[in-house]
Amino acid sequence: MNQPLRGLSNEEAARRAAAGEGNAHSQTHGKTVGQILAGNLFTFFNALNVALALALLLVGSYRNMLFMGVVVSNTLIATIQ
């Protein structure tokens, strides 16, 4: 009942490889550093918060711009991860 597992014979493996049915690992690369930085810097969240910070800067309300620390921290953490 329980037969031992056996792999493909050399001939069967060669036939499948010739037919394109091999299991060779394809080389796929991740994002470049520039793509990672751009993806984390140019987001809707960052654009909205920069616009709010600029509006606060124009009216001289510097203390209310402390939220930009969270924005910068979020961007740094996302980039490093």
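Predicted model: local features only at pLDDT ≥ 70, side-chain atom pairs only at ≥ 80, totals over all residues.

**Entry 1: H2 against H4.** I started with helix H2 (residues 33-41) and H4, which pack at an angle of about 150°, with their axes 9 Å apart. Residues are numbered from 1 along each chain as its sequence is written, and side-chain values use heavy atoms, with hydrogens and water left out.

My reminders on terms: helices (H or I, at least four residues) and strands (E, at least two) are DSSP runs, numbered from the N terminus. Axes are lines fitted to C-alpha atoms, for helices over the stretch in contact, and angles run from 0 to 180 degrees between N-to-C directions.

H2 and H4 are therefore roughly antiparallel to each other (angles under 35 degrees count as roughly parallel, over 145 as roughly antiparallel, 65 to 115 as roughly perpendicular and the rest as oblique).

Which residues make the contact of H2 with H4? I found Ile36, Leu37, Asn40 and Leu41 on H2, and Thr75, Ala78 and Thr79 on H4 (contact means heavy atoms within 4.5 Å). By class I get four nonpolar, three polar and no charged residues there (Ala, Val, Leu, Ile, Met, Phe, Trp, Tyr, Cys and Pro count as nonpolar, Asp, Glu, Lys and Arg as charged, and the others, Gly among them, as polar).

**Entry 2: H3 against H4.** Next I checked helix H3 (residues 44-58) and helix H4 (residues 67-80), whose axes come within 10 Å and cross at roughly 155°. That makes H3 roughly antiparallel to H4. H3 passes H4 in a left-handed crossing. From H3, the contact takes in Phe45, Asn46, Asn49, Val50, Leu52, Ala53 and Leu56; from H4, Phe67, Met68, Val71, Asn74 and Thr75. I sorted the contact of H3 with H4 into eight nonpolar, four polar and no charged residues.

**Entry 3: picked residues.** I place Asn64 in the loop between H3 and H4. Asn64 and Ala51 are 13 residues apart in sequence and 13 Å apart in space, C-alpha to C-alpha.

Asn23 is in the loop between H1 and H2 and is exposed, at 77% relative accessible area. From Asn23 to Ser73 I read 50 residues in sequence and 42 Å in space, C-alpha to C-alpha.

Glu11 lies in helix H1 and is exposed, at 59%. Glu11 and Ala51 are 40 residues apart in sequence, and 66 Å in space, C-alpha to C-alpha.

**Entry 4: confidence.** The chain's mean pLDDT is 89, with 99% of its residues at 70 or more (pLDDT is the predictor's confidence in each residue, from 0 to 100).

Note on methods. Left-handed = near helix turned anticlockwise from the far one by under 90°. Buried < 20%, exposed > 50% of the residue type's maximum accessible area, 1.4 Å probe, protein only.
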